[in-house]
Amino acid sequence: METLKFMTDINSPMEMSRIKSILDKFSEIREWKIDFDSIYNLLIVRAINLKGPVLAEALHRMGYNATLLYEE
């Protein structure tokens with residue numbers, strides 16, 4: 001299982017339901033969270049065989065910026 005971390009412009013916990021609707025479309029995702037304590041509003045995703053750019057593009061289509069920082 002990989003952990004992908006994205007720098008995002010998701011600014012509020014109130015946006016979580018919208019983000020959830022995007023992430024629920026990816027069967028590869030096992031769990032995710034947004035770290036609002038980080039200056040980067042990190043989206044942390046644990047998944048199996050998920051390509052970061054694919055997820056970033058899905059978020060972009062919904063109006064969010066997400067930049068893959070790294071994969072573990």
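A: For the account of charges below, Lys and Arg count as positive and Asp and Glu as negative, while His and the chain ends are not counted. On that basis, in this predicted model, the mean positions of the 9 positive and 11 negative charges of the chain lie 5 Å apart.

The part examined here is Ser38, which is placed in the loop that runs between β2 (29–35) and β3 (42–47). Ser38 has a relative accessibility of 16% and therefore counts as buried, since the cut-off for that class is under 20%. Its side chain makes a polar contact within the chain: the side chain of Ser38 reaches the backbone nitrogen of Tyr40 at 3.0 Å.

The surroundings of this loop can now be described. The chain contains two helices and four strands, and their order along the sequence is β-α-β-β-α-β. Of the contacts with a separation of 6 or more, 65% are between residues 24 or more positions apart.

As to overall dimensions, the C-alpha atoms fill a box of roughly 30 × 20 × 20 Å along the principal axes. The radius of gyration is 11 Å, which agrees with the value near 11 Å for a compact globule with 72 residues.

Buried residues make up 40% of the 72 residues, and Ser38 counts as buried. The accessible surface of the chain amounts to about 4500 Å², and 52% of this surface belongs to carbon and sulfur atoms.

Key. Residues are numbered from 1 along each chain as its sequence is written. This is a predicted model: local features need pLDDT of at least 70, side-chain atom pairs count only at pLDDT 80 or more; totals for chains, interfaces and linings use all residues. Side-chain values use heavy atoms; hydrogens and water are left out. The radius of gyration is taken over C-alpha atoms; the globule rule is 2.2 Å times the number of residues to the power 0.38. Buried means under 20% relative accessible area, exposed over 50%, partly exposed in between (1.4 Å probe, protein chains only). Contact means heavy atoms within 4.5 Å. Accessible areas come from the Shrake-Rupley method with a 1.4 Å probe; for residues, only the protein chains shown count as cover. The place of a charge is taken as NZ of Lys, CZ of Arg, CG of Asp or CD of Glu. A polar contact is a pair of N or O atoms within 3.5 Å; within protein, one must be able to donate a hydrogen and the other to accept it, and residues adjacent in sequence count only if both atoms are side-chain atoms.
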